[in-house]
Amino acid sequence: MKHVNKILAVGLLVIAFQNCAPNAANFSKSELASSQVPEEEAVPNCFGRTEGTTWWVPSNESIVENGICEFGGDLKYNYQKNVELICTNGNAMTTGNSQKGALISTVGACLPATCNGKPAGSTWSVPNGTVSEPQSCPSSSVIVNAVYNKNDNYICLGGKESYVNSEKGSYIGLDKACPAPDLTAAFSSEKVAINGTAGLITQGINVSTMAYTCSDGQSGVLPVAQTSTSIKVTQDLACTVKGTNSAGESVSKTASISVTCGSNEVKSGGKCIVYSCKSFVEIKSFPVVIPERTADGVCYYAKLFDKIATGPSSGSRLSNVVARDHSSANGGPSNLAVTNVAAPYVLGTFTNKVTLNGERSVKLSGSSQALTSILVDNFVLMGSRLASSTAAISNYRAFGSGDSAIGTTGKIKVNNADVSLQAFESGGTATIGTLLLTSDFSVGKQYELNVNALDCGGSKAMSEIYLVFQ
């Protein structure tokens, strides 16, 4: 009765099924209805099933099967376990047979496709022979082949190794040795100042009748033995040296040199030309980086101060500067006493950062696109420092009316230090020529520039002032 007990455990069958009396607790109404027959006609049956009939019913057990995973994994399927019953003497008995029923659940998963253990999406290289590239022998016209390992690249896609491409690998060597050089040619330096000279160094080995020709038209015959021939450099040069080798073949080598242009020149087509501004671009904001000069002639400017009409002195004073006081309350312009001093009024002040990417002429001018004089009553004060420095701005110079200096010293004071004042007028409004600031900058470094237009009192006046990069 081992199998009967299993069925009783799931509530599908009751203990005895004697005298053809079914237990309705574990079977369907249709099965019960089929078993209701008149007593006089009753014969042994199982819920309407005739003697010897078999059927399947679910149990509370399950059947577990491992999933089929091509690349490994722990996938498992859980099915309902069905058992077979047979009607024997009016009783439902198990036959001992079972089978899979409905799928209940799955557990685990299969691993993704791989390529011999390599995960999907991975790449790798496989050595596959060699590849050759033609290469000129040093100082010789002979061509040989440079040999490299060749690698084939693959990727794992969908469990399959897919070829991607081939590439050059590590260098192996030459397929044959290079012969001795037939001739050599080189300049003694890479660069030379305009109109300077450089040595064209040449030597012929197993060659005859050597000569040279340069891109500027210079030419001449060369000895076969090693020599240095002086060449004048007025532009970028390429000089070709030719000879005839022992096989009667023409062989050649080319040497090049670059010219360095003068301070107010720019290179165009390998030649130095005088630099001039062909157009101007206004600088709208700071800090600013000024491009190096080109043959296009683009220059830059920034307006620092607006024009101030002549009028009584007023406004704030620059407290770290001491100059002669022109106010009549302190003795007026004729008083040259060293003690007749005061901090000057500020007509305009500018402090910001500038970087030059190449040689430029930097100036203060009364016009944005022409070099005109500056008018100021009384003087302009300029200073600078490296932007990376923590020190105070220094390198100050002053330009303006001579009566701005303290007494007869010819100097003013900035941060308690003497600063020379270059006089353009003895007094009043000074007409100052274009002021050169180029020395305040080195190429490739950021500088902080300080420009001040100052009034010593009495009256004030100033023209427009521009910072110009030519």
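**Labels and the values behind them**

Analyst: Happy to. Ser189 is partly exposed because its relative accessibility is 30%, and that label covers the range between under 20%, which is buried, and over 50%, which is exposed. Please keep in mind that this is a predicted model.

User: Thanks! Where is Ser189 in the chain, and what does Ser189 touch beyond its sequence neighbours?

Analyst: Ser189 sits in the loop between β7 (183-187) and β8 (191-193). Not counting residues up to four places away in sequence, Ser189 touches Ala198 and Ile257. Ser256 is 67 residues from Ser189 along the chain, and their C-alpha atoms are separated by 9.4 Å.

User: How do you know whether Asp182 is buried or exposed?

Analyst: Its relative accessible area is 8%. Buried means under 20%, so Asp182 is buried. Asp182 belongs to the loop between β6 (160-174) and β7. Gln203 is 21 residues away along the chain, with 8.5 Å between the C-alpha atoms of Asp182 and Gln203.

User: What makes Gly444 count as exposed?

Analyst: The relative accessibility of Gly444 is 53%, and exposed means over 50%, so Gly444 counts as exposed. Its place is in the loop between β31 (435-436) and β32 (446-455). Gly444 still has partners from elsewhere in the sequence: leaving out residues up to four places away, Gly444 touches Thr355 and Leu356. Leu356 is 88 residues from Gly444 in sequence and 5.7 Å from it in space, C-alpha to C-alpha.

User: And why is Lys160 called exposed?

Analyst: By the same cut-off of over 50%: Lys160 has a relative accessible area of 60%, so it is exposed. Lys160 is in strand β6. Leaving aside neighbours within four places in sequence, Lys160 is in contact with Cys115 and Ile155. The C-alpha atoms of Lys160 and Lys118, 42 residues apart along the chain, are separated by 10.0 Å.

User: How do you know what kind of peptide bond joins Phe286 and Pro287?

Analyst: Omega is about -5° there, and the bond is cis. Most peptide bonds are trans. Pro287 lies in the loop between β17 (279-282) and β18 (288-290).

User: Which residues make up the centre of the largest nonpolar core?

Analyst: I can tell you which members touch the most others: Leu364, Leu435, Leu437, Val451 and Phe469, in a core of 31 residues. Beyond its neighbours within four places in sequence, the contacts of Val451 include Leu304, Phe305, Phe350, Leu364, Val380 and Met382. There is also a second, separate core of 21 residues, with Leu183, Phe187, Val233 and Cys272 among them.

User: Finally, what does the whole chain look like in numbers?

Analyst: Its secondary structure comes to two helices and 34 strands. Among the 470 residues, 37% count as buried. For contacts with a separation of 6 or more, 63% are between residues 24 or more positions apart.

Note on methods: Residues numbered from 1 in each chain as written. Predicted model: local features only at pLDDT ≥ 70, side-chain atom pairs only at ≥ 80, totals over all residues. Heavy atoms only, no water. Helix = DSSP H or I, 4+ residues; strand = E, 2+ residues; numbered from the N terminus. Buried < 20%, exposed > 50% of the residue type's maximum accessible area, 1.4 Å probe, protein only. Contact = heavy atoms within 4.5 Å. Core = buried A, V, L, I, M, F, W, Y, C linked by side-chain atoms within 4.5 Å.
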